Amino acid sequence: MLALGQDEIAKYPFLADAGQYLKDKGFTLEQFGTDPDLKSLVEKAFNRIEVAADGKIYHSDLIGDQASNQAALPREVFSFLLAIVLLKLSGMTTLIKRFALAEARRAEKYLEKDLANISDESKKQFAIRVIDDLFAVQIKKQDDFFVIPISDYLRHSINFHEREWKLINRHVEKGLVFLTPHETVRLIRKELGTYISSKIINAKTPPMISGFEEPVNKLISMSKKFATFTVTTGEYPPCIKHAIEILEKGENLPHSGRFMLATFLLSKGQSVEEIAPLFKNAPDYNERITLYQLNHLAGTSGSGTHYSCPSCEKLKTQNLCFAIPECDNIISPIQFGKKRF
Amino acid sequence: MQENDIKFLEDSFKKYYFEHFDLIHVPNRTSEREFGFQKFNSGMTRHISIKDDKELHLLLMKNIPSDVYCSNACYSFPDLPMSEKDWKEADLIFDIDAKDLNLECRKNHTISKCNECNEISTNAINCSKCNSIKLEKKSLPCKNCIDASKNEVSKLSKILTEDLDVQQNDIHVYFSGNEGFHVYVYNSQFQQLGSRERSELTDYIMFNGAIPETFGMKKFKPNRSLFPDFEEKGWRGRFSKEVYGSKSKRSKIISELITNGYSSFQKTLEDISGKIGAKIDPNVTMDIHRIFRLPGSLNSKSGLTKIFCNDFTKFDPYTEASFLSENSIEVTANCPVEFKLKNRKFGPYFNEKVSIPTYTAVYMICKKLATIS
């Protein structure tokens, strides 16, 4: 466990042991519900969640990375810990996810600043250690950049869909990827969010505390506005249309294309018997083998594994993607034509 | 395939395996690998575990397989079903195949066999006899095919050592036994990467998905100083050498690139990807559960051996990978294209009876261009 200074707990409150922190400061949760002086902290906590739910980053009382006054530091930490208590009491997972993401982005700012800190070497070392301890990513300073092994880079970058994160668009040399402090921290955003949300999810839910009912109820009704429903147009995406055309023409569709087509149609609820005739025109068509393979993909034979349709990214690599504007940043052909309301 | 053809192939393969145990070895970490094999006219048997060379040789003698495979992955339990194997790591592998290189020479030595009427011709689109479009293509790769594949292997090897920090002696190149090369990379930082990460690596190696910004070009107000220098490492350096041509032309070409604009730059990137990227089969590299042809085993598409290339630049598969007997055998050959094996020319044969060495007979029967008389 990292040794945390007052300053660091305020910047990275998720690193602290919540129960221990309260104890050290000599408080109980109940006091926050009743003590009029402490109640404002519950409001601050509620506000912290509200801002996060709106997709914004909570503005703390920290100026630069220094607290405006001594009292601000514990307030920062308390409002974070109380926000977790409120979220646990509300039980709303969508809010927990939004909160964790916003808190991750908040911490990201501080990590970035600490990494780029030239005047205080200890701040930089602390940030490097947080990244190593939490995410097993070993970064090293090299000139103006941070370098990390390609394999570590890939484990994280595959979660991004923007092309600038593709390895090909990175400065790569001798097995290392070169990143700016901003990119280094951005690379672990998702994991940071996951780390924070798993800490919240795994935290114990306390019994309802008197004085907390009102904010908790407000959170429950707030989470309702995030419910969505989707409509599908039913039209096939261009990659699937292209594959069907190739087969109709009797041309050869590579194995990967057949895999895509079959898994796509299976996921749309078609049966093996409905799909099989599509392959009739293939130069090497064999009914027995086609049925065997389709059943295998559907999970009705063999190991029982149900295979899913490849992602757009994978299809691009396999030269099977023929994206059109309507694809609109979907990450799997299955999502094509779905509209969220 | 007809029964006497299968019998002939099995006899020839068995003799090879019996006489060449020296060429066929289990890989390291043997007991963690999954093995598999196919027999002539039969499906795949896999999820087999083998403990040493002796057990492998016994399997070959007992089953006389047409093809033998071994996983590049290591598992705790290689003989259990896929979901229970407990995957540990996998060597990085690459497949470079002449058929994926869109070579001009292909049309001169690709033969179509009609699936409806068995007619053999050099007509690529439809059967010259019954007009059917269900054609099975058989290619008899030429020297140009091999040279072009070798060139791709060299490109790959350079990217691996310069950019990905792979040591030259950890790159092992094998002739695939048909028309390409298999490249293995050992002891790299990539051993434990999953399929999605490996797919990113393939895009890197193939020069797929590059954006203009990476090479200094911006949509608005492009800045000359961001364009790569001739001497730079990695893709920016390779880009410079391909696009500028020479150091002295850098300035002039940058002006042209900026004048032509952003989307033209994107087009340039796509155009040069075929030249500077290494043309590997991405599916092979992405697959971390693959069973890959075992070195030293025969390839049933040709009867040639998947063999380690000691001296890669000089390597000639059609002399060095042919190990079957010289004994003469009579076959009916229907192979309208001439080819070379062990420095001897054969064909073209137009549905005629000929007496040829066993290695040639096997080669043509494997490609369904001949049958035992």
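**A walk through the two chains**

Tutor: Let us begin with one residue of this predicted model. Asp86(B) counts as exposed, because 12 C-beta neighbours lie inside 10 Å.

Student: Where is Asp86(B) found in chain B?

Tutor: Asp86(B) belongs to the loop that runs between strand E4 (73–75) and strand E5 (87–90) of chain B. Its phi is near 65 degrees, which is a positive value in a residue other than glycine.

Student: And what about Lys368(B): what is its phi near?

Tutor: For Lys368(B), phi is near 60 degrees, again a positive value in a residue other than glycine. Lys368(B) sits in the loop between helix H10 (358–366) and strand E20 (370–372) of chain B.

Student: Why does Lys368(B) count as partly exposed?

Tutor: Lys368(B) has 17 C-beta neighbours inside 10 Å, so it counts as partly exposed. The cut-offs matter here: 12 or fewer neighbours make a residue exposed, and 20 or more make it buried.

Student: Which residues does the cis peptide bond join?

Tutor: The cis bond joins Gly347(B) and Pro348(B), with omega at about -5 degrees. Pro348(B) is in the loop between strand E18 (344–346) and strand E19 (349–357) of chain B.

Student: Let us step back to chain B as a whole. How many helices and strands does it have?

Tutor: Chain B has ten helices and 20 strands. Its C-alpha trace spans about 75 × 55 × 35 Å along the principal axes. Of its 373 residues, 42% count as buried. Among contacts in chain B with a separation of 6 or more, 65% are between residues 24 or more positions apart.

Student: In what order do the four strands of the open sheet come?

Tutor: The order in this sheet of chain B is E2-E1-E3-E12, with antiparallel pairing. Strand E2 (44–48) and strand E12 (291–293) of chain B each have a single partner strand and stand at the edges, so one side of each is left without a neighbour in the sheet. On average, neighbouring strands of this sheet are turned by 25 degrees against each other, direction ignored.

Student: How many bridges join E1 to E3 in chain B?

Tutor: Strand E1 (residues 35–38) and strand E3 (residues 67–71) of chain B run antiparallel and are joined by four bridges. Within E3(B), Asp67(B) is the residue opposite Gln38(B).

Student: Now for chain A. Which residues touch the most other members of the largest nonpolar core?

Tutor: They are Ile49(A) and Leu86(A), in a core of 148 residues. Helix H5 (residues 72–90) of chain A gives the most to this core, namely twelve residues.

Student: What is Ile49(A) in contact with, leaving aside its neighbours within four places in sequence?

Tutor: Ile49(A) is in contact with Ala83(A), Leu86(A), Leu87(A), Leu95(A), Phe99(A) and Leu219(A). Apart from this core lies another, of 22 residues, including Phe279(A) and Cys312(A).

Student: Last topic: how many residues of chain A are in contact with chain B?

Tutor: There are 27 residues of chain A in contact with 34 residues of chain B. On the side of chain A that touches chain B, the elements giving two or more residues are helix H8 (150–157), strand E5 (171–173) and helix H16 (312–317) of chain A. H8(A) supplies the largest share, four residues.

Student: And how does that side of chain A divide by class?

Tutor: The side of chain A that touches chain B has eight nonpolar, ten polar and nine charged residues.

Methods:
Residues are numbered from 1 along each chain as its sequence is written. Chains are lettered from A and ligands numbered from 1 in the order in which they are written. This is a predicted model: local features need pLDDT of at least 70, side-chain atom pairs count only at pLDDT 80 or more; totals for chains, interfaces and linings use all residues. Two strands pair if DSSP finds at least two bridges between them. Axes are lines fitted to C-alpha atoms, for helices over the stretch in contact, and angles run from 0 to 180 degrees between N-to-C directions. A nonpolar core is a set of buried Ala, Val, Leu, Ile, Met, Phe, Trp, Tyr and Cys residues joined through C-beta atoms within 7 Å. Two residues are in contact if their C-beta atoms, placed from the backbone, lie within 7 Å. Ala, Val, Leu, Ile, Met, Phe, Trp, Tyr, Cys and Pro count as nonpolar, Asp, Glu, Lys and Arg as charged, and the others, Gly among them, as polar.
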